[in-house]
Structures are given as structure tokens and as C-alpha cells.
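Here is a briefing on charged side chains. It covers salt bridges first, then a surface patch.

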Amino acid sequence: MVEEAIYSSGKSKIKTERPRPVYLWSVNDVQKWLRRHCSDYYTLYLDLFIQHDITGRALVRMHENTLLRLGIINAQHREDIWREIMKLRLKTDILEIRDLERKNNLNYD
């Protein structure tokens with residue numbers, strides 16, 4: 001997340017900018033995610049993700065069998081990458097639910 005300090009009337013606040021939704025991620029964004037969250041496998045599988053043009057939308061739709069078809073043969077590597085994808089899905093779902101709740105609360109105010 002990107003944080004920026006805002007100073008007004010002598011008080012400092014932190015404004016947090018929400019990250020771009022995963023389904024809008026480019027192939028380059030997915031590469032950054034892979035490097036950050038699957039660093040042990042980044043050099044092994046980066047080319048596969050690039051060759052198959054894996055975007056954020058494609059990433060969150062993947063499952064273990066998709067990873068196998070992609071060329072990730074090692075079962076432990078697939079499981080570890082799959083776990084990180086599931087975490088990303090969960091985080092994305094939570095952000096979407098919070099957005100819906102905020103919209104709902106604004107409608108009642």
C-alpha cells in the first residue's frame with residue numbers, strides 16, 4: 001500500500017491509497033507479485049508466467065491443475081504457489097466486501 005502523510009492544522013494523518021484491484025493487473029504486475037510472494041520460485045517460473053501472458057484476472061482464476069498445465073511439475077512448488085494465490089483471492093474478496101459495506105453505509109446516512 002502507498003502511504004502519504006497529510007498535514008492540516010498542525011496534525012499529521014496517514015492516508016492509505018488502496019492498491020489497484022487484482023483483476024486489473026498487467027503481466028508486469030503479476031511478475032512483481034510472483035517476485036514478492038513466491039520469491040523461492042520466481043526465477044524458476046517467471047518465464048512460464050510471461051509466456052502464458054498471466055494477468056491478474058488469469059492469476060486469481062488459477063487452481064492447482066492450471067499450474068500443472070502451465071508447466072509447474074513439482075507438487076510442492078505448485079502447492080506453495082497455489083497457497084499464495086489463495087491468499088491473494090481472499091485479500092481481494094475482503095477488500096470488495098469492505099467496499100460494498102462502505103457503499104451500503106453511505107446509502108443509509
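A salt bridge is a side-chain nitrogen of Lys or Arg within 4 Å of a carboxyl oxygen of Asp or Glu. By that rule, Glu-79, Asp-80 and Arg-83 are linked in a network of salt bridges. The structure holds five salt bridges. The model is predicted: local features need pLDDT of at least 70, side-chain atom pairs count only at pLDDT 80 or more, and totals for chains, interfaces and linings use all residues. Residues are numbered from 1 along each chain as its sequence is written, and side-chain values use heavy atoms, with hydrogens and water left out.

- Helix α5 spans residues 75–108. Helices are DSSP runs (H or I, at least four residues), numbered from the N terminus.
- Glu-79 and Arg-83 join their side chains in a salt bridge, with 3.1 Å from N to O.
- These two residues, Glu-79 and Arg-83, sit four apart in helix α5, so about one helical turn separates them.
- Glu-79 is partly exposed at 36% relative accessibility. Arg-83 is also partly exposed, at 39%. The cut-offs are under 20% relative accessible area for buried, over 50% for exposed, and partly exposed in between (1.4 Å probe, protein chains only).
- Asp-99 pairs with Arg-102 in another salt bridge, where the closest N and O atoms are 3.0 Å apart.
- Asp-99 and Arg-102 are three residues apart in helix α5, so about one helical turn lies between them.
- Asp-99 counts as partly exposed, with 23% relative accessibility.

**The Asp-29 to Arg-20 salt bridge**

- Asp-29 forms a salt bridge with Arg-20. Their closest N and O atoms are 2.3 Å apart.
- Asp-29 is buried, at 15% relative accessible area, whereas Arg-20 is partly exposed, at 45%.

**Positive patch**

- Lys-32, Arg-35, Arg-36 and Lys-91 gather on the surface as a patch of positive charge.
- Patches are made of residues with over 30% relative accessible area and no salt bridge; like charges are joined within 9 Å, and nonpolar side chains (Val, Leu, Ile, Met, Phe, Trp, Tyr) within 5 Å.
- Lys and Arg count as positive and Asp and Glu as negative, while His and the chain ends are not counted.
- Helix α1 (residues 27–37) supplies the largest share of the patch, three residues.
- Arg-35 lies in helix α1. This arginine, Arg-35, is partly exposed, with a relative accessible area of 44%.

Methods
Areas by Shrake-Rupley, 256 points an atom, 1.4 Å probe, with all protein chains shown as cover. Charge placed at Lys NZ, Arg CZ, Asp CG, Glu CD.
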